[in-house]
Amino acid sequence: MAQSSTETDWVSRFADEVIAESERRAPGKPVVVASGLSPSGPIHMGNLREVMTPHLVADEIRRRGHEVRHVISWDDYDRYRKVPQGIPGVDDTWADHIGKPLTSVPAPAGSPHANWAEHFKAAMVESLAELGVEFDGISQTRMYTSGAYREQILHAMKHRHDIDAILDRYRTKDKTTGQPKAKVQKQQKPVDEAELAAAEGSGAAGEDDGSGGSAGYFPYKPYCGRCERDLTTVTSYDDETTELTYTCVCGHSETVHLRDFDRGKLVWKVDWPMRWAFEGVIFEPSGVDHSSPGSSFVVGGQIVREIFDGVQPIGPMYAFVGISGMAKMSSSKGGVPTPADALKIMEAPLLRWLYARRKPNQSFKVAFDQEIQRLYDEWDKLEAKVADGTALPADAAAHSRAVRTAAGELARTPRPLPYRTLASVVDITAGHDEQTLRILGELDPANPLASLDEVRPRLDRAENWITTQVPADARTIVREEPDTELLGSLDDEGRESLRLLLEGLDTHWSLDGLTTLVYGVPKVMAGLDPEAKPTPELKAAQRSFFALLYRLLVSRETGPRLPTLLLAVGADRVRKLLAA
């Protein structure tokens with residue numbers, strides 16, 4: 001069903017703009033949106049925003065009945081710049097491949113994939129399928145080596161002096177002397193100072209633009225025919241014959257005809273705008289690093305117009321995506337969590353929602369720590385509001401984009417019990433299916449759970465979170481024997497409170513019933529009605545009572561929610577551990 005253009009969510013607003021712009025530029029043709037990903041290492045959560053932003057807009061346009069093509073350019077013909085740290089199966093010998101195309105670098109040892117790029121691309125492709133992202137993947141290795149861009153390359157080389165003049169407006173250093181220039185043209189669009197600092201840290205403004213030596217400027221970089229690296233310098237080029245000569249630091253020199261040569265690529269600041277024109281891209285977002293002075297998006301807008309007779313895509317600058325937590329991930333993944341890592345601990349609709357509910361220029365964090373429980377609580381509340389029709393329009397729109405695409409619904413958990421409850425249960429049972437089903441089946445005696453399949457895949461995500469992200473010293477271990485020393489030290493009030501709790505177990509053995517019971521015992525001890533509203537004094541008494549129960553059950557001051565913990569431990573064992 002089409003969304004109204006009056007919707008307040010950001011996706012609808014961009015969809016309106018993109019449809020109008022596409023009809024102006026290319027009426028009757030599919031709307032083209034684009035993303036670019038470099039499989040130079042693990043493709044992380046920030047890179048996912050490069051895909052999700054145009055995906056959400058493309059999907060909205062599809063819902064309105066338009067044909068859309070979401071291009072994902074795999075920048076697998078880029079040079080291998082460095083050896084990432086913490087990648088299993090990779091050692092210092094991979095440094096020998098620096099300067100080669102990513103598709104010419106061996107995959108990590110033990111990988112089933114043909115090369116480095118395919119290894120890291122595969123994980124992302126699998127995650128995008130789970131997230132419901134429909135796209136047309138384009139290998140830049142295939143495009144360049146097949147000669148698909150040959151005319152564009154020859155055109156850029158013919159207009160190399162014009163390209164050089166555009167780039168020179170933004171260079172901070174003289175391209176031949178390396179010394180600071182007297183004046184640099186200011187960026188046309190203001191950028192926040194914090195964003196500039198982040199951009200400078202990423203090196204975006206210092207990207208190689210193909211600056212040449214004594215032979216002049218060339219926007220094309222050959223890969224060496226002997227060592228395969230791009231440590232080459234073009235020493236001459238003839239526009240008429242397309243005869244090009246290059247030398248490499250390895251000592252190799254070669255003369256080729258560029259009209260027949262397919263072992264090289266345009267430098268990035270020329271390559272990107274060339275592709276905008278080649279693909280007819282209408283919408284493509286860019287990271288904050290590409291909005292700094294002299295960076296590829298800023299310069300590309302002029303190159304695409306003045307050199308390739310094209311138009312720069314419309315699209316927002318997107319902010320960074322942060323991470324909270326990552327217990328065990330740093331040692332195995334070099335500290336860079338990927339969409340695959342996130343999808344192990346959260347369902348696809350929740351991950352989609354994180355990207356859908358925030359405007360692209362708003363930063364947010366993906367939770368790998370305890371915050372994921374609060375995040376799921378927030379999601380479940382939104383689901384309830386959507387179900388009863390009380391959700392705000394923008395919230396309802398974000399929810400709709402999270403749970404379904406134009407192609408249909410995403411996989412959902414049939415009976416979505418609270419994530420924190422599931423996490424607590426699998427923490428206590430260590431994933432034992434029979435015990436888990438027993439406990440979950442007792443949560444709601446009037447509507448007992450018949451099979452764990454009813455709470456999957458959420459149950460599996462919660463179990464993965466417990467086993468991979470919660471430190472061992474924070475896991476819940478229920479005592480085997482009573483703490484006789486602590487029980488023996490209790491005063492009359494303490495023993496009476498435990499007696500009241502044990503007395504009420506049979507009549508309150510459900511999640512709601514036990515919640516009433518554990519909060520009600522301190523009220524009864526204070527001479528109040530079990531339904532009495534809490535006072536500051538009562539809250540203090542409840543905290544003391546809870547701490548006592550945790551110490552007697554798990555030998556700590558805190559733990560999973562007490563009603564869940566009691567259900568998990570079981571009535572007989574609770575009686576054994578609490579009988580004073």
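## Entry 1

I picked R62 to begin with, and once I skip the neighbours within four places in sequence, R62 is in contact with V68, H70, E134 and A406. A reminder to myself before going on: this is a predicted model.

Where does R62 lie? I found R62 in helix α2.

Next I looked at the helix as a whole. Helix α2 covers residues 45-63 and lies across β1 and β2. Relative to β1, α2 runs at about 165°.

## Entry 2

I see an open sheet of three strands here, in the order β1-β2-β3, and the pairing is parallel. Which strands are at the edges? They are β1 (31-37) and β3 (136-139), and each pairs on one side only. From one strand to the next, the twist averages 25°.

I took a closer look at one pair. Strand β2, residues 68-74, pairs with β3 in the parallel sense, and I noted four bridges. Across that pair, S73 stands opposite I138 in β3.

I also looked up S139, which has its place in strand β3. S139 has 15% relative accessibility, so I filed S139 as buried. Which residues does S139 touch, if those up to four places away in sequence don't count? I wrote down W74, D76 and K121.

H44 sits in the loop between β1 and α2. Buried, exposed or partly exposed? With a relative accessible area of 31%, H44 is partly exposed, because buried means under 20% and exposed means over 50%.

Leaving out neighbours within four places in sequence, H44 is in contact with V336, P337, T338 and P339. I also checked H44 against V321: they are 277 residues apart in sequence, yet 9.4 Å apart in space, C-alpha to C-alpha.

## Entry 1

How many bridges join β6 and β7? I noted five bridges between strand β6 (residues 243-248) and β7, in the antiparallel sense. One of the pairings I looked up is L244, whose bridge partner in β7 is V256.

## Entry 2: α12 against α14

Now for helix pairs. Helix α12 (residues 348-356) and helix α14 (residues 393-403) have axes that come within 8 Å and cross at roughly 135°. That angle makes α12 oblique to α14. The crossing of α12 past α14 is right-handed.

Which residues make the contact? From α12 I listed P349, R352, W353 and A356, and from α14 I listed A398, H399, R401, A402 and V403. Sorted by class, the α12 contact with α14 has six nonpolar, one polar and two charged residues.

## Entry 3: α19 against α23

L498, L501 and L502 of α19 make the contact with V574, R575 and L578 of α23. By class I get five nonpolar residues, no polar ones and one charged for α19 with α23.

## Entry 4: stepping back

To finish, I looked up the chain totals. The chain has 23 helices and 14 strands. Of its 580 residues, 51% count as buried. Among contacts in the chain with a separation of 6 or more, residues 24 or more positions apart account for 71%.

Methods
Residues numbered from 1 in each chain as written. Predicted model: local features only at pLDDT ≥ 70, side-chain atom pairs only at ≥ 80, totals over all residues. Heavy atoms only, no water. Pairing = 2+ DSSP bridges. Axes fitted to C-alpha atoms, helices over the stretch in contact; angles between N-to-C directions. Contact = heavy atoms within 4.5 Å. Buried < 20%, exposed > 50% of the residue type's maximum accessible area, 1.4 Å probe, protein only. Nonpolar A, V, L, I, M, F, W, Y, C, P; charged D, E, K, R; others polar. Parallel < 35°, antiparallel > 145°, perpendicular 65-115°, else oblique. Left-handed = near helix turned anticlockwise from the far one by under 90°.
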